[in-house]
Amino acid sequence: MEESPLHAFELHDLIPLVPAGVDISINKAVILMWVIVGLVAFLMISAAAARKLVPGKLQNMAELIVEFIRGIILDTMGEAGMKYFPLIATLFLFILFANLLGLIPGSYTVTSQIIVTAVFAVGIYGLSLVLGFSLHGMKFLGILVPPGTPGWLLPLMIPIELISQLARPISLAVRLFANMTAGHVILGVLFGLAISGGLLIGWLPFAFTIAMNGLEVGIAFIQAYIFTVLSCVYLGDAVTLHGHSEHAH
Amino acid sequence: MPQFESHFFSSLIFWEVLSFGILFFLLYKYAFPGLLGMLEEREKKIKDSLDQAERHRSEAERRLKEYEAKLATAAKDAEALLAQAKERAQRLMEENEQRMTADAERIKGDATREIETERRKAIQDIRSQTTDLAMMVAEKVVGRALTEGDHRRLADEALDALAKSYQSRN
(Lines give C-alpha, C1' and ligand atoms only; values in the text may rest on other atoms or scores of the structure.)
Protein backbone atom coordinates (compact mmCIF):
# COMPACT_ATOMS: atom_id res chain seq x y z
CA MET A 1 0.00 0.00 0.00
CA GLU A 2 1.66 3.25 -1.15
CA GLU A 3 0.82 6.27 0.95
CA SER A 4 1.58 9.89 0.34
CA PRO A 5 3.90 11.23 3.07
CA LEU A 6 1.46 14.12 3.38
CA HIS A 7 -1.38 11.74 4.16
CA ALA A 8 -0.70 12.19 7.87
CA PHE A 9 -1.68 15.88 7.69
CA GLU A 10 -5.11 15.33 6.18
CA LEU A 11 -8.10 16.25 8.30
CA HIS A 12 -11.62 14.91 8.12
CA ASP A 13 -14.74 16.27 9.73
CA LEU A 14 -15.63 13.78 12.43
CA ILE A 15 -18.61 15.63 13.89
CA PRO A 16 -20.01 18.30 11.55
CA LEU A 17 -20.89 21.48 13.46
CA VAL A 18 -22.05 24.52 11.54
CA PRO A 19 -23.85 26.92 13.87
CA ALA A 20 -24.83 30.29 12.34
CA GLY A 21 -23.07 29.43 9.09
CA VAL A 22 -19.62 29.12 10.73
CA ASP A 23 -18.01 25.75 10.26
CA ILE A 24 -16.59 24.60 13.60
CA SER A 25 -16.73 20.92 12.88
CA ILE A 26 -14.77 18.61 15.15
CA ASN A 27 -11.76 16.97 13.53
CA LYS A 28 -8.66 15.16 14.76
CA ALA A 29 -6.72 18.38 15.30
CA VAL A 30 -9.50 19.81 17.44
CA ILE A 31 -9.58 16.67 19.57
CA LEU A 32 -5.81 16.91 20.02
CA MET A 33 -6.27 20.50 21.19
CA TRP A 34 -8.67 19.29 23.85
CA VAL A 35 -6.19 16.62 24.87
CA ILE A 36 -3.47 19.29 25.15
CA VAL A 37 -5.67 21.52 27.30
CA GLY A 38 -6.69 18.64 29.55
CA LEU A 39 -3.20 17.22 29.92
CA VAL A 40 -1.41 20.53 30.53
CA ALA A 41 -4.07 21.78 32.91
CA PHE A 42 -4.06 18.51 34.85
CA LEU A 43 -0.27 18.33 35.13
CA MET A 44 0.29 21.95 36.04
CA ILE A 45 -2.63 22.31 38.44
CA SER A 46 -1.85 19.10 40.32
CA ALA A 47 1.80 20.15 40.47
CA ALA A 48 0.79 23.53 41.86
CA ALA A 49 -1.60 21.92 44.34
CA ALA A 50 1.25 20.00 45.96
CA ARG A 51 2.92 23.19 47.18
CA LYS A 52 5.74 21.50 48.98
CA LEU A 53 8.94 23.30 49.89
CA VAL A 54 10.85 20.17 48.91
CA PRO A 55 9.10 19.30 45.64
CA GLY A 56 8.06 15.88 44.41
CA LYS A 57 8.66 14.68 40.84
CA LEU A 58 5.65 16.36 39.22
CA GLN A 59 6.08 19.61 41.12
CA ASN A 60 9.79 19.54 40.28
CA MET A 61 9.05 19.19 36.58
CA ALA A 62 6.45 21.93 36.64
CA GLU A 63 8.81 24.21 38.54
CA LEU A 64 11.54 23.43 36.03
CA ILE A 65 9.26 24.61 33.22
CA VAL A 66 8.15 27.68 35.16
CA GLU A 67 11.76 28.54 36.03
CA PHE A 68 12.77 28.00 32.41
CA ILE A 69 10.11 30.34 31.06
CA ARG A 70 10.84 32.88 33.76
CA GLY A 71 14.49 32.79 32.67
CA ILE A 72 13.48 33.46 29.05
CA ILE A 73 11.27 36.38 30.06
CA LEU A 74 13.87 37.93 32.38
CA ASP A 75 16.54 37.60 29.68
CA THR A 76 14.48 39.20 26.94
CA MET A 77 12.11 41.60 28.71
CA GLY A 78 13.55 42.08 32.17
CA GLU A 79 11.59 42.20 35.41
CA ALA A 80 8.76 44.18 33.76
CA GLY A 81 8.09 41.24 31.46
CA MET A 82 6.90 39.03 34.32
CA LYS A 83 3.48 40.62 33.81
CA TYR A 84 3.17 38.53 30.64
CA PHE A 85 4.38 35.33 32.30
CA PRO A 86 0.99 33.53 32.26
CA LEU A 87 0.54 34.24 28.55
CA ILE A 88 4.08 33.22 27.57
CA ALA A 89 4.00 30.12 29.76
CA THR A 90 0.65 28.99 28.37
CA LEU A 91 1.92 29.56 24.85
CA PHE A 92 5.06 27.54 25.51
CA LEU A 93 3.18 24.67 27.14
CA PHE A 94 0.52 24.57 24.41
CA ILE A 95 3.09 24.47 21.60
CA LEU A 96 5.39 22.05 23.41
CA PHE A 97 2.60 19.57 24.11
CA ALA A 98 1.21 19.98 20.59
CA ASN A 99 4.65 19.15 19.17
CA LEU A 100 5.23 16.24 21.53
CA LEU A 101 1.79 14.66 21.32
CA GLY A 102 2.07 14.78 17.52
CA LEU A 103 4.98 12.36 17.76
CA ILE A 104 2.77 9.61 19.15
CA PRO A 105 1.94 7.37 16.19
CA GLY A 106 -1.67 7.73 15.18
CA SER A 107 -2.19 11.10 16.84
CA TYR A 108 -2.12 14.47 15.11
CA THR A 109 0.38 17.35 15.15
CA VAL A 110 -1.70 20.46 15.75
CA THR A 111 1.26 22.73 15.07
CA SER A 112 1.75 21.26 11.59
CA GLN A 113 -1.32 23.25 10.54
CA ILE A 114 -0.20 26.61 9.14
CA ILE A 115 -3.41 28.24 10.31
CA VAL A 116 -2.77 27.17 13.91
CA THR A 117 0.77 28.57 14.01
CA ALA A 118 -0.41 31.65 12.12
CA VAL A 119 -3.06 32.39 14.75
CA PHE A 120 -0.41 32.22 17.47
CA ALA A 121 2.06 34.31 15.51
CA VAL A 122 -0.44 36.96 14.45
CA GLY A 123 -1.90 37.00 17.95
CA ILE A 124 1.48 37.60 19.58
CA TYR A 125 2.56 40.13 16.99
CA GLY A 126 -0.80 41.88 17.19
CA LEU A 127 -0.50 42.00 20.97
CA SER A 128 2.97 43.53 20.65
CA LEU A 129 1.54 46.26 18.37
CA VAL A 130 -1.35 46.95 20.75
CA LEU A 131 1.03 47.10 23.72
CA GLY A 132 3.48 49.27 21.83
CA PHE A 133 0.92 51.85 20.81
CA SER A 134 -0.87 51.89 24.16
CA LEU A 135 2.37 52.26 26.14
CA HIS A 136 4.23 54.68 23.86
CA GLY A 137 1.52 56.22 21.65
CA MET A 138 2.73 57.45 18.27
CA LYS A 139 6.31 57.31 19.52
CA PHE A 140 6.04 53.57 18.98
CA LEU A 141 6.50 54.25 15.25
CA GLY A 142 10.10 54.93 16.27
CA ILE A 143 10.56 51.19 16.26
CA LEU A 144 10.98 51.59 12.49
CA VAL A 145 14.06 53.78 13.08
CA PRO A 146 16.93 52.00 14.77
CA PRO A 147 18.67 54.27 17.28
CA GLY A 148 21.56 56.26 15.79
CA THR A 149 20.28 56.26 12.21
CA PRO A 150 21.37 59.44 10.37
CA GLY A 151 18.49 61.46 8.91
CA TRP A 152 19.40 61.00 5.25
CA LEU A 153 19.16 57.22 5.67
CA LEU A 154 15.54 57.37 6.85
CA PRO A 155 13.95 56.88 3.39
CA LEU A 156 15.96 53.67 3.10
CA MET A 157 15.71 52.45 6.69
CA ILE A 158 11.99 52.83 7.19
CA PRO A 159 10.96 50.50 4.33
CA ILE A 160 13.59 47.96 5.39
CA GLU A 161 12.43 48.03 9.01
CA LEU A 162 8.82 47.88 7.88
CA ILE A 163 9.54 44.73 5.90
CA SER A 164 11.46 43.20 8.81
CA GLN A 165 8.52 43.99 11.09
CA LEU A 166 6.03 42.40 8.71
CA ALA A 167 8.30 39.39 8.32
CA ARG A 168 8.11 38.75 12.06
CA PRO A 169 4.68 37.10 12.28
CA ILE A 170 5.17 35.33 8.96
CA SER A 171 8.54 33.85 9.90
CA LEU A 172 7.23 32.95 13.35
CA ALA A 173 4.28 31.05 11.88
CA VAL A 174 6.13 29.42 8.99
CA ARG A 175 9.14 28.31 11.09
CA LEU A 176 7.05 26.23 13.47
CA PHE A 177 4.70 24.90 10.78
CA ALA A 178 7.57 23.99 8.41
CA ASN A 179 9.64 22.29 11.10
CA MET A 180 6.75 20.17 12.30
CA THR A 181 5.64 19.33 8.78
CA ALA A 182 9.14 18.48 7.55
CA GLY A 183 9.85 16.23 10.51
CA HIS A 184 6.68 14.26 9.99
CA VAL A 185 7.21 14.07 6.24
CA ILE A 186 10.67 12.58 6.80
CA LEU A 187 9.24 10.15 9.35
CA GLY A 188 6.47 9.23 6.89
CA VAL A 189 8.89 8.71 4.00
CA LEU A 190 11.25 6.60 6.10
CA PHE A 191 8.43 4.52 7.46
CA GLY A 192 7.01 4.08 3.95
CA LEU A 193 10.42 2.82 2.86
CA ALA A 194 10.53 0.44 5.80
CA ILE A 195 7.13 -0.99 4.86
CA SER A 196 7.84 -1.33 1.14
CA GLY A 197 11.40 -2.60 1.68
CA GLY A 198 10.22 -5.70 3.46
CA LEU A 199 12.24 -7.59 6.06
CA LEU A 200 15.35 -7.92 3.93
CA ILE A 201 16.21 -4.22 3.60
CA GLY A 202 13.35 -2.55 5.40
CA TRP A 203 15.07 -2.68 8.83
CA LEU A 204 17.48 0.06 7.76
CA PRO A 205 14.91 2.83 7.16
CA PHE A 206 13.01 1.52 10.16
CA ALA A 207 16.09 2.08 12.35
CA PHE A 208 16.33 5.57 10.88
CA THR A 209 12.69 6.12 11.77
CA ILE A 210 13.50 5.39 15.41
CA ALA A 211 16.53 7.69 15.35
CA MET A 212 14.51 10.41 13.62
CA ASN A 213 11.79 10.10 16.22
CA GLY A 214 14.36 10.81 18.95
CA LEU A 215 15.58 13.79 16.96
CA GLU A 216 12.01 14.98 16.53
CA VAL A 217 11.51 15.01 20.30
CA GLY A 218 14.45 17.38 20.51
CA ILE A 219 13.06 19.50 17.69
CA ALA A 220 9.67 19.61 19.44
CA PHE A 221 11.37 21.19 22.45
CA ILE A 222 13.61 23.49 20.41
CA GLN A 223 10.78 24.81 18.23
CA ALA A 224 8.57 25.47 21.25
CA TYR A 225 11.53 27.26 22.83
CA ILE A 226 12.28 29.33 19.72
CA PHE A 227 8.66 30.34 19.30
CA THR A 228 8.54 31.40 22.95
CA VAL A 229 11.82 33.32 22.88
CA LEU A 230 10.86 35.20 19.71
CA SER A 231 7.44 36.01 21.16
CA CYS A 232 9.21 37.43 24.22
CA VAL A 233 11.61 39.43 22.05
CA TYR A 234 8.76 40.94 20.01
CA LEU A 235 6.73 41.77 23.12
CA GLY A 236 9.85 43.09 24.81
CA ASP A 237 10.61 45.35 21.84
CA ALA A 238 7.12 46.79 22.11
CA VAL A 239 7.24 47.23 25.88
CA THR A 240 10.69 48.78 26.16
CA LEU A 241 11.01 50.44 22.67
CA HIS A 242 14.79 50.45 22.04
CA GLY A 243 15.22 49.81 25.75
CA HIS A 244 14.27 53.45 26.51
CA SER A 245 11.66 52.76 29.14
CA GLU A 246 13.97 50.23 30.74
CA HIS A 247 16.37 53.05 31.50
CA ALA A 248 13.52 55.29 32.57
CA HIS A 249 12.35 52.81 35.24
CA MET B 1 -0.52 20.18 0.89
CA PRO B 2 -3.47 19.25 3.05
CA GLN B 3 -2.59 22.02 5.50
CA PHE B 4 -3.63 24.68 3.01
CA GLU B 5 -7.14 23.32 2.67
CA SER B 6 -9.10 26.36 3.77
CA HIS B 7 -12.15 24.24 4.56
CA PHE B 8 -10.78 23.52 8.06
CA PHE B 9 -9.47 27.03 8.81
CA SER B 10 -12.59 28.38 10.53
CA SER B 11 -12.93 25.32 12.74
CA LEU B 12 -9.24 25.25 13.65
CA ILE B 13 -9.13 28.99 14.44
CA PHE B 14 -12.25 28.77 16.58
CA TRP B 15 -11.15 25.75 18.57
CA GLU B 16 -7.57 26.95 18.90
CA VAL B 17 -8.61 30.30 20.33
CA LEU B 18 -11.12 28.64 22.63
CA SER B 19 -8.71 25.92 23.82
CA PHE B 20 -5.92 28.38 24.35
CA GLY B 21 -8.27 30.69 26.21
CA ILE B 22 -9.50 27.93 28.49
CA LEU B 23 -5.97 26.66 29.14
CA PHE B 24 -4.77 30.21 29.83
CA PHE B 25 -7.63 30.80 32.24
CA LEU B 26 -7.10 27.50 34.09
CA LEU B 27 -3.35 27.93 34.43
CA TYR B 28 -3.64 31.64 35.27
CA LYS B 29 -6.16 30.90 37.97
CA TYR B 30 -5.03 27.59 39.46
CA ALA B 31 -1.45 26.74 38.45
CA PHE B 32 0.83 29.73 38.07
CA PRO B 33 0.14 31.58 41.33
CA GLY B 34 0.95 28.44 43.32
CA LEU B 35 4.02 27.53 41.29
CA LEU B 36 5.44 31.05 41.17
CA GLY B 37 4.63 31.57 44.83
CA MET B 38 6.35 28.33 45.68
CA LEU B 39 9.45 29.33 43.75
CA GLU B 40 9.52 32.73 45.39
CA GLU B 41 9.02 31.19 48.80
CA ARG B 42 11.87 28.77 48.24
CA GLU B 43 14.06 31.53 46.84
CA LYS B 44 13.32 33.63 49.90
CA LYS B 45 14.04 30.74 52.22
CA ILE B 46 17.34 29.99 50.54
CA LYS B 47 18.25 33.66 50.55
CA ASP B 48 17.32 33.93 54.21
CA SER B 49 19.39 30.88 55.04
CA LEU B 50 22.34 32.27 53.14
CA ASP B 51 21.91 35.65 54.81
CA GLN B 52 21.79 34.00 58.20
CA ALA B 53 24.87 31.93 57.43
CA GLU B 54 26.63 35.09 56.30
CA ARG B 55 25.58 36.84 59.49
CA HIS B 56 26.86 33.95 61.60
CA ARG B 57 30.10 33.92 59.70
CA SER B 58 30.73 37.63 60.17
CA GLU B 59 29.78 37.32 63.83
CA ALA B 60 32.27 34.49 64.26
CA GLU B 61 34.89 36.48 62.43
CA ARG B 62 34.25 39.49 64.65
CA ARG B 63 34.56 37.31 67.76
CA LEU B 64 37.76 35.78 66.49
CA LYS B 65 39.22 39.25 65.90
CA GLU B 66 38.12 40.27 69.36
CA TYR B 67 39.80 37.25 70.93
CA GLU B 68 42.90 37.76 68.89
CA ALA B 69 43.06 41.36 70.03
CA LYS B 70 42.54 40.28 73.62
CA LEU B 71 45.22 37.66 73.25
CA ALA B 72 47.61 40.21 71.81
CA THR B 73 46.89 42.61 74.68
CA ALA B 74 47.42 39.84 77.21
CA ALA B 75 50.71 38.87 75.58
CA LYS B 76 51.81 42.50 75.60
CA ASP B 77 50.79 42.85 79.24
CA ALA B 78 52.68 39.71 80.17
CA GLU B 79 55.72 40.96 78.32
CA ALA B 80 55.55 44.30 80.10
CA LEU B 81 55.12 42.57 83.43
CA LEU B 82 58.08 40.33 82.74
CA ALA B 83 60.23 43.27 81.72
CA GLN B 84 59.22 45.11 84.85
CA ALA B 85 60.03 42.12 87.04
CA LYS B 86 63.37 41.68 85.33
CA GLU B 87 64.21 45.32 85.82
CA ARG B 88 63.25 45.16 89.45
CA ALA B 89 65.30 42.04 90.02
CA GLN B 90 68.25 43.69 88.31
CA ARG B 91 67.87 46.77 90.48
CA LEU B 92 67.57 44.70 93.65
CA MET B 93 70.62 42.70 92.69
CA GLU B 94 72.64 45.83 92.01
CA GLU B 95 71.50 47.39 95.27
CA ASN B 96 72.39 44.23 97.17
CA GLU B 97 75.76 44.07 95.54
CA GLN B 98 76.46 47.69 96.37
CA ARG B 99 75.35 47.24 99.94
CA MET B 100 77.34 44.09 100.37
CA THR B 101 80.43 45.68 98.85
CA ALA B 102 80.03 48.62 101.20
CA ASP B 103 79.52 46.29 104.17
CA ALA B 104 82.51 44.25 103.24
CA GLU B 105 84.52 47.40 102.79
CA ARG B 106 83.40 48.65 106.19
CA ILE B 107 84.06 45.33 107.91
CA LYS B 108 87.45 45.15 106.30
CA GLY B 109 88.25 48.66 107.48
CA ASP B 110 87.06 47.88 111.01
CA ALA B 111 89.07 44.71 111.11
CA THR B 112 92.19 46.46 109.85
CA ARG B 113 91.80 49.18 112.45
CA GLU B 114 91.20 46.66 115.20
CA ILE B 115 94.17 44.61 114.13
CA GLU B 116 96.30 47.74 114.12
CA THR B 117 95.10 48.69 117.58
CA GLU B 118 95.72 45.19 118.89
CA ARG B 119 99.10 45.14 117.32
CA ARG B 120 100.04 48.43 118.93
CA LYS B 121 98.74 47.24 122.26
CA ALA B 122 100.63 43.98 121.90
CA ILE B 123 103.83 45.78 121.02
CA GLN B 124 103.29 48.09 124.00
CA ASP B 125 102.68 45.12 126.29
CA ILE B 126 105.72 43.28 125.00
CA ARG B 127 107.80 46.38 125.42
CA SER B 128 106.71 47.03 128.97
CA GLN B 129 107.06 43.38 129.95
CA THR B 130 110.47 43.17 128.30
CA THR B 131 111.53 46.31 130.17
CA ASP B 132 110.36 44.84 133.47
CA LEU B 133 112.14 41.60 132.65
CA ALA B 134 115.31 43.41 131.66
CA MET B 135 115.16 45.44 134.87
CA MET B 136 114.77 42.33 136.91
CA VAL B 137 117.74 40.76 135.15
CA ALA B 138 119.83 43.90 135.54
CA GLU B 139 119.01 44.12 139.25
CA LYS B 140 120.18 40.60 139.68
CA VAL B 141 123.36 41.37 137.74
CA VAL B 142 124.19 44.90 138.87
CA GLY B 143 122.52 45.01 142.26
CA ARG B 144 120.87 48.17 143.36
CA ALA B 145 123.41 50.44 141.61
CA LEU B 146 121.04 51.92 139.13
CA THR B 147 117.93 53.88 139.89
CA GLU B 148 114.54 53.05 138.62
CA GLY B 149 114.84 55.83 135.99
CA ASP B 150 118.18 54.64 134.76
CA HIS B 151 116.79 51.17 134.25
CA ARG B 152 113.99 52.33 132.23
CA ARG B 153 116.07 54.61 130.04
CA LEU B 154 118.58 51.84 129.35
CA ALA B 155 115.86 49.28 128.55
CA ASP B 156 114.11 51.67 126.19
CA GLU B 157 117.34 52.35 124.39
CA ALA B 158 117.95 48.63 123.97
CA LEU B 159 114.49 48.00 122.74
CA ASP B 160 114.62 50.86 120.26
CA ALA B 161 117.84 49.44 118.90
CA LEU B 162 116.17 46.04 118.69
CA ALA B 163 113.14 47.43 116.95
CA LYS B 164 115.30 49.31 114.46
CA SER B 165 117.28 46.25 113.59
CA TYR B 166 114.05 44.31 113.26
CA GLN B 167 112.52 46.90 110.96
CA SER B 168 115.64 47.20 108.82
CA ARG B 169 115.67 43.43 108.51
CA ASN B 170 112.15 43.42 107.22
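This is a predicted model: local features need pLDDT of at least 70, side-chain atom pairs count only at pLDDT 80 or more; totals for chains, interfaces and linings use all residues.

1. Let's begin with chain A. Its secondary structure consists of six helices, with zero strands, and along the sequence the order is α-α-α-α-α-α. Taken along the principal axes, the C-alpha atoms of chain A fill a box of roughly 70 × 55 × 45 Å.

2. Next comes the interface. Chain A brings 52 residues to the contact and chain B brings 36 residues. Between the two chains, about 4,100 Å² of area is buried, and carbon and sulfur atoms give 76% of that area.

3. Which polar links cross from chain A to chain B? The count is six residue pairs in polar contact, both partners being at pLDDT 80 or more. Five helices of chain A give two or more residues each to the side that touches chain B: H1 (28-50), H2 (57-76), H3 (85-101), H4 (114-136) and H5 (154-240). Of these, H1(A) gives the most, with eleven residues. By residue class, that side of chain A divides into 36 nonpolar, eight polar and eight charged residues.

4. On to charge pairing. Side chains of opposite charge can pair when their charged atoms come close. Over all chains, the structure holds 17 salt bridges, and two salt bridges are found across the interface of chain A and chain B. Arg70(A) pairs with Glu43(B) in a salt bridge, where the closest N and O atoms are 2.7 Å apart.

5. A salt bridge within chain B is worth a look too. Here Lys47(B) pairs with Asp51(B), with 3.5 Å between the closest N and O atoms. Both residues, Lys47(B) and Asp51(B), sit in helix H1 of chain B, four residues apart, which is about one turn of the helix.

6. Finally, what lines the second largest pocket? The pocket holds about 370 Å³ of space. Its lining is made up of Arg119(B), Ile123(B), Ile126(B), Arg127(B), Thr130(B), Leu159(B), Leu162(B), Ala163(B), Tyr166(B) and Gln167(B). Two helices of chain B, H1 (9-142) and H2 (148-169), each supply at least two of the lining residues. Sorted by class, the lining has six nonpolar, two polar and two charged residues. When you have the model open, Tyr166(B) and Arg119(B) are among the lining residues to look for.

Conventions:
Residues are numbered from 1 along each chain as its sequence is written. Chains are lettered from A and ligands numbered from 1 in the order in which they are written. Side-chain values use heavy atoms; hydrogens and water are left out. Contact means heavy atoms within 4.5 Å. Buried area is the accessible area (1.4 Å probe) that two parts lose on being put together, summed over both. A salt bridge is a side-chain nitrogen of Lys or Arg within 4 Å of a carboxyl oxygen of Asp or Glu. A polar contact is a pair of N or O atoms within 3.5 Å; within protein, one must be able to donate a hydrogen and the other to accept it, and residues adjacent in sequence count only if both atoms are side-chain atoms. Ala, Val, Leu, Ile, Met, Phe, Trp, Tyr, Cys and Pro count as nonpolar, Asp, Glu, Lys and Arg as charged, and the others, Gly among them, as polar. On a 1 Å grid over the protein atoms alone, a cavity is a set of points where a 1.4 Å probe fits but cannot get out, and a pocket is an open set with protein on both sides within 12 Å along at least five of seven lines; lining residues have an atom within 4 Å of a point. Grid points are joined across faces, edges and corners, and a volume is the space filled by probe spheres set on the points.
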